[in-house]
Amino acid sequence: MCLKIWVKELLCVWVLSLCLVWVLNGVGVHASSPTDELQPYRSGFHFQPPKNWINDPNGPMYFNGVYHLFYQYNPYGPLWGNISWGHSISYDLVNWFLLEPALTPKEPYDINGCLSGSTTILPGPQPIILYTGQDLNNSQVQNLAFPKNLSDPLLKDWIKWSGNPFLTPIDDIKPGQFRDPSTAWIGPDGKWRIVIGSEINGHGTALLYHSRNGTSWTRSKNPLYFSSKTGMWECPDFYPVSSGDKKGLDTSFEGNNTIHVLKASFNNREYYVIGNYDPIKDQFFVIGNDFMVSNTQFQYDYGRFYASKSFYDGANQRRVLWGWVNEGDSQSDDVKKGWSGLQSFPRSIWLSNNRKQLVQWPVDEIQKLRTKRFNITNRELPGSVLLKIPSITASQADVEVSFSLTNLSEIELIDSEAIDPQLLCSQKNASISGRFGPFGLLILASKNLTEQTAVFFRVFKGPNKFLVLMCSDQSRSSIAQEVDKSIYGAFLDLDPLHEKIRLRSLIDHSIVESFGGKGLSCITARVYPKLAINEQAELYVFNNGTQSVTISTLNAWSMKEAQIVPIG
């Protein structure tokens with residue numbers, strides 16, 4: 001407790017001193033603001049450094065009262081290269097202090113990049129970084145780093161281990177397919193375990209390694225898991241979830257009501273499977289569908305979200321998930337902006353009530369950024385009606401809306417429940433009227449609706465059950481030609497006869513994170529409007545179906561900017 005108080009007091013002194021210097025020099029705490037006319041696409045409350053390239057979140061952890069976020073970072077420009085580990089710290093996962101990079105590519109074993117990895121807290125407690133280095137020959141090797149001074153509450157400086165690399169690609173491992181060590185967990189035999197992403201004999205694989213001390217690692221005879229239906233796996237993540245409540249579990253937790261999650265990044269998507277783990281035999285048995293490249297398979301996010309990393313937040317007994325959200329514009333646009341990439345807003349993640357899938361929701365701390373609020377309750381929304389949501393900052397907002405449906409006797413039919421939801425959203429976009437749907441939100445809309453990003457639902461009847469389709473339609477998001485305008489889709493596992501259809505969207509200038517069914521499906525999009533920027537953006541709730549729906553509740557808030565402050 002004394003350490004936490006001392007750290008907070010120290011940070012307060014630094015921040016006050018810095019702010020005084022900035023005020024005296026007429027400088028604000030942001031290098032650029034989203035309200036800057038020259039930077040309309042910078043986010044207001046999502047994490048991103050003031051400039052340059054970022055990609056994968058690496059090694060997030062909670063240690064001695066401080067949240068640490070590491071991330072792939074180019075200190076010298078807005079395009080990929082010179083890959084280092086950026087480092088930032090926070091007390092609330094909302095406001096951040098930027099530190100100097102924790103790792104930079106200087107040694108023969110990482111001279112071509114300090115690639116992705118994880119952190120693990122060994123007994124002591126002793127945090128370590130496990131990361132992939134790209135060596136002089138562009139082979140991928142595994143390395144360790146330790147805090148230079150454990151008494152430093154911010155862990156600003158890290159020292160690479162003299163024994164690096166601790167693992168190299170040998171035998172059947174190809175030099176360019178051996179990366180991204182996971183957070184370690186300890187088994188009942190006292191040995192630590194990690195998985196590393198690879199492709200063996202054409203199969204996506206989570207290679208398994210053991211260690212007694214965290215520095216000397218031995219490959220297991222068998223991988224933790226592999227799939228014959230996918231290629232190379234990146235950024236594997238393996239952790240337990242409780243089957244009884246929303247509380248998170250430490251990565252090494254074992255218990256009777258524990259189910260494990262294995263996530264692998266491939267095909268530019270984040271796929272996961274749920275199963276049972278035998279810690280004695282080190283075997284993982286999948287429950288339900290296996291890994292494969294398909295939009296019908298479980299994914300963390302069905303939009304632009306990749307290379308994710310989770311960690312256990314012991315202070316709040318939750319598991320928190322980060323994901324990289326890359327750009328959808330061109331490299332020349334990124335050079336003009338001076339930056340590229342941002343992180344998703346951190347999400348709590350847990351097992352659904354039916355134990356079939358994961359649920360995600362923005363961490364509760366986001367509520368401290370909410371300001372002006374607009375509310376609607378129990379309002380009918382007839383077909384072909386558009387209702388403007390006034391009085392909030394539509395380009396930087398948090399919106400929650402729930403819809404109720406009645407009289408589902410006459411409803412559009414779908415022949416197969418295995419249909420690709422993304423394809424279905426493309427075929428039946430926001431402009432195509434159905435019976436129940438599309439209804440939802442028009443986000444970052446221009447005054448004449450020339451530009452709009454539609455996040456909406458449709459309800460169908462399949463052979464055995466209702467199907468609720470969630471879509472994020474960027475096809476009219478911008479009048480600009482050279483930007484991505486994908487349409488994304490996912491199904492929600494809910495019964496619209498007995499449950500409300502809920503949508504939450506975090507709107508932040510060029511990123512829209514949407515959560516359907518209270519987090520059953522998530523879709524993240526990047527948009528680059530030319531007209532609907534800053535104060536010119538508008539927000540609507542709409543129903544383009546032929547049947548009325550009821551807005552049970554709608555709450556929309558303007559959002560303050562998060563403070564992202566360099567403290568050196």
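Here is a short chat about reading salt bridges in a predicted model.

Q: What makes a pair of side chains a salt bridge?

A: You look for a side-chain nitrogen of Lys or Arg within 4 Å of a carboxyl oxygen of Asp or Glu. This structure holds 25 salt bridges. Take Asp92 and Lys368: their side chains meet in one, at 3.0 Å from N to O.

Q: Where do Asp92 and Lys368 lie, and how many residues apart are they in sequence?

A: Asp92 sits in the loop between strand S3 (84-90) and strand S4 (96-103), while Lys368 sits in the loop between strand S24 (358-362) and strand S25 (370-381), so the pair ties together parts that are 276 residues apart in sequence.

Q: Which residue does Arg370 pair with?

A: Arg370 meets Asp398 in a salt bridge, at 3.1 Å from N to O. Arg370 is in strand S25 and Asp398 in strand S27 (residues 396-404), so this pair ties together parts 28 residues apart in sequence. Arg370 is buried at 18%, and Asp398 is buried at 0%.

Q: What about Glu400 and Arg504?

A: They form a salt bridge too, with the closest N and O atoms 3.8 Å apart. It links distant parts of the chain: Glu400 in strand S27 and Arg504 in strand S32 (residues 501-508), 104 residues apart. Arg504 is buried at 3%, whereas Glu400 is partly exposed at 25%.

Q: Which residues are linked in a network of salt bridges?

A: Look for Glu327, Asp329, Asp334, Lys337 and Arg526, which are linked that way.

Technical notes
Residues numbered from 1 in each chain as written. Predicted model: local features only at pLDDT ≥ 70, side-chain atom pairs only at ≥ 80, totals over all residues. Heavy atoms only, no water. Helix = DSSP H or I, 4+ residues; strand = E, 2+ residues; numbered from the N terminus. Buried < 20%, exposed > 50% of the residue type's maximum accessible area, 1.4 Å probe, protein only.
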